[in-house]
Amino acid sequence: MKLTILVLEDEPDVRAALERDLEPLARTVRIEPAQDVDDAREVMAQVEADGDVLALVLADHRMPGTTGVDFLCELVADPETEHVATVLVTGQADQQDTIKAVNLGGLDYYIAKPWDVAELDAVVRRLLTDVVERLGISPVKHLAALDPVRSMDLVRHGWGDR
Amino acid sequence: MISTVLVIGEGPLARAAMREISDDIGEEAIVHAFKRTPDLAAWPGPAAGATHVALVVLVPGEEEVVDDLIESVIAHPSSPDPRILLVTDRPHLDDISRALDRRDVAGVVATPWTPGSLARYTRAEVARWLRLHPVGETVPELPPVGSDLLRHLRLPVAEATRELLEALEEALGPRPRIHLPEGVRISREDLDMDQLFIVVSGRVSLAVRSSTGGSLTLNHTSTGPIIGLLALTDRRGSMVTARTTTPCEIVQLTVEQLDKALASNPRVGAILATLAFRALSARLRRAQSDRVAKTELNRKLQQTLNELRQARADLVAQARMATLGEIAAGIAHELNNPVAALTRTAEHLAEDLPRLLGSDPVAADVLQQARSGRQLDARDERAARRAVDAVVKDPVLARRLVAAGVTDPLQVRRLVRGKKDDALQHVELAAGVGAALHSLEIAASHIASLVEGLRRHARPDSSEETEHQPIDVLETVRAALLLLGHRLQDVRVGVDAAPDVPAVLGASADLVQVWTNLVTNAVDAMSDAGELRITLDRVTDERRVGWARVRVEDNGPGVPAELQEHVFEPRFTTKHGVVRFGLGLGLGIAHTIVHNHHGTIGLESRPGRTVFEVRLPAAEEER
């Protein structure tokens, strides 16, 4: 089983850049690109069929059709996907939308374009660690993609309290 | 008709006035007496069949203020506009200024008056009032004047002239009549005037030389029958040139002859004075009306001057724009060479690089593919990655290979057979070079389109050279939408065309450009939920001229009011960090093209609704 990061972004260049910056994690977690919300749902079905776990979605803010904000809010609201970490990536920091997303939608994080690679890396690791903890799965196989300090704590204290 | 006269006042003066007036005029007027003006309030008004108050003879008491008395008189409904004669023994009057200002006071009679004169004045004033307020058919004559001066002033000029000649000949004996043809100067402005001419018949004009050399006619009708009188006043040179404009009969007098006549016959002086007086007053009236006309002319001149200034400023602005246009065209032309060099260089590099890369067919393929700028969509990318991953068993490597454009499993196998890292580096470099070439070509074509835009704007008259053909406007709109397909993905576009949209004369490529620019502008202004409506119909203006009307409407945020009048001016815009001509110049180009088609373009905008309206004359109108 692999943790999966979904990169939802309609601009091919931006999508490629995000994936390139996530490359250090790519041998440990599965990274899938998607260009719109329908495409993202297709990826989610495939991930489930492969027996992997969707752990984090990085979604662009503005896209044709359903917006990234709406999609992330749906994920948060759906019990099936409420464990998924949600990150909004936006170039046009429209404050109203951002506030709506983070406050009402309960999104986990908000990254402004252009992003800082170190910040992206740290945020993704932290959120993946949260997901591992929340789902109560063994961090061992995913350590290379997790927050090093917290994941070691998890290992030490045993994740299998449940 | 019986007129109404009031006598207002107390004491012996008022009683004497009342007596004299009612004795004299009693049969033609009803005379009412009041002691004080407040008594008027209780007065029911004139007797049946009598006029409104025609005359008020006012005898003010010592302490009374005349202005106040008069105001209370004219406040009475039966005396809205009477003649007022003031009868007083005061040596000074300092309380009638308001009444004089309203022209309420007809006259002031001091006491004691010559018996009978107050009655005479009363008759005259009543007659005047009746002339001003005519009732029935008979308008009374004013009493005749007794004095020579007033009589002469009222005589027709010809008759007065005849009387003057008669009086002169009584003093001097018969005077010969001099007959002159048209065009004789009887006085000249550069010569001394020492004689007098009396024009018995015919016309004489007066003229002065103007400073610009021509001659300026001053008077024609107002000349009067006596020429040379003004010069006699101070014995200076004539101020004007008098010239006969018709055959004339005149009588000539030397100063000495005039002197003798004046001394021996007082009638000569009296008539001469009135004739001079009348000539001068005619000339004065003429001068005054000339002055009024001059003031009006000056005002018009000033207005014309202002309009000329504005026109000049407009011309200067136009010339400046034309100069800018020339410069822009020049720059556009100069830019063509470096742009061509850029484009050619990119092509040369693309041809030479594969040869340099030599035997590596994968790298050459990768380069060409990257140069094409084609990008896989996410779905295809995932599929390609899965296929490549199946061969290389490394998701990172698979992503990088696919990103570099290597998707063919055969090529992948060939690549990873040798040193994986070197091979990967090689294809990534090739992909990078290809992408760089792609950017270069995009940039060059961008510049080329900017240059084309500039050139079109500077010399948009290309359409003038092409024959204007009858064009189906709807077809040009459709063509523009087809061209813009890629920009219209995120907006809803509706086109409504009335069945009777007339054909217009024009160049269809130019009209396509107009719609392209308007639609591009609208799409840029709108966000995701944009709705674009294009409506075409036929309108007829107030001069019954038929037009094809095209309206491009969007629901974007609108054009700020302060910018609305500038939208058709050429400018650059900066969007997403890229300088564009397309928009700023686009509306300007649309404007120019529409004008070349003898049409109009206008904008109406508020938040949520912006409409650009273009009207083009129907083809049948232009034939």
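**Close-up views of chain B in a predicted model**

**View 1. Contact between chains A and B in the predicted model.** Chain A contributes 13 residues to the contact, and chain B contributes twelve residues. On the side of chain B that touches chain A, the elements giving two or more residues are α11 and α12 (395–404). By class, the residues on this side of chain B comprise six charged, four nonpolar and two polar.

**View 2. Packing of helices α11(B) and α13(B).** Two packed helices are described by the angle between their axes and the distance between the axes. The axes of α11 (residues 378–392) and α13 (residues 409–417) of chain B cross at roughly 35° and come within 10 Å. The crossing of α11(B) and α13(B) is right-handed. From α11(B), the residues Ala387(B), Val388(B), Val391(B) and Val392(B) meet Pro409(B), Val412(B), Arg413(B) and Val416(B) of α13(B). Seven nonpolar residues and one charged residue make up this contact, with no polar residues.

**View 3. Parallel pairing of strands β15(B) and β17(B).** Strand β15 (residues 492–497) and strand β17 (residues 531–540) of chain B run parallel and are joined by six bridges. Within this pairing, Val493(B) has Leu532(B) in β17(B) as its bridge partner.

**View 4. Antiparallel pairing of strands β17(B) and β18(B).** Nine bridges link β17(B) with strand β18 (residues 546–554) of chain B, and the two strands run antiparallel. Arg533(B) has Glu553(B) in β18(B) as its bridge partner. The hairpin of β17(B) and β18(B) has five residues between the strands. In this hairpin, Arg544(B) adopts a positive phi near 65°.

Terms used: Residues are numbered from 1 along each chain as its sequence is written. Chains are lettered from A and ligands numbered from 1 in the order in which they are written. This is a predicted model: local features need pLDDT of at least 70, side-chain atom pairs count only at pLDDT 80 or more; totals for chains, interfaces and linings use all residues. Axes are lines fitted to C-alpha atoms, for helices over the stretch in contact, and angles run from 0 to 180 degrees between N-to-C directions. Helices (H or I, at least four residues) and strands (E, at least two) are DSSP runs, numbered from the N terminus. A crossing is left-handed if the near helix is turned anticlockwise from the far one by less than a right angle, and right-handed if clockwise. Two residues are in contact if their C-beta atoms, placed from the backbone, lie within 7 Å. Ala, Val, Leu, Ile, Met, Phe, Trp, Tyr, Cys and Pro count as nonpolar, Asp, Glu, Lys and Arg as charged, and the others, Gly among them, as polar. Two strands pair if DSSP finds at least two bridges between them.
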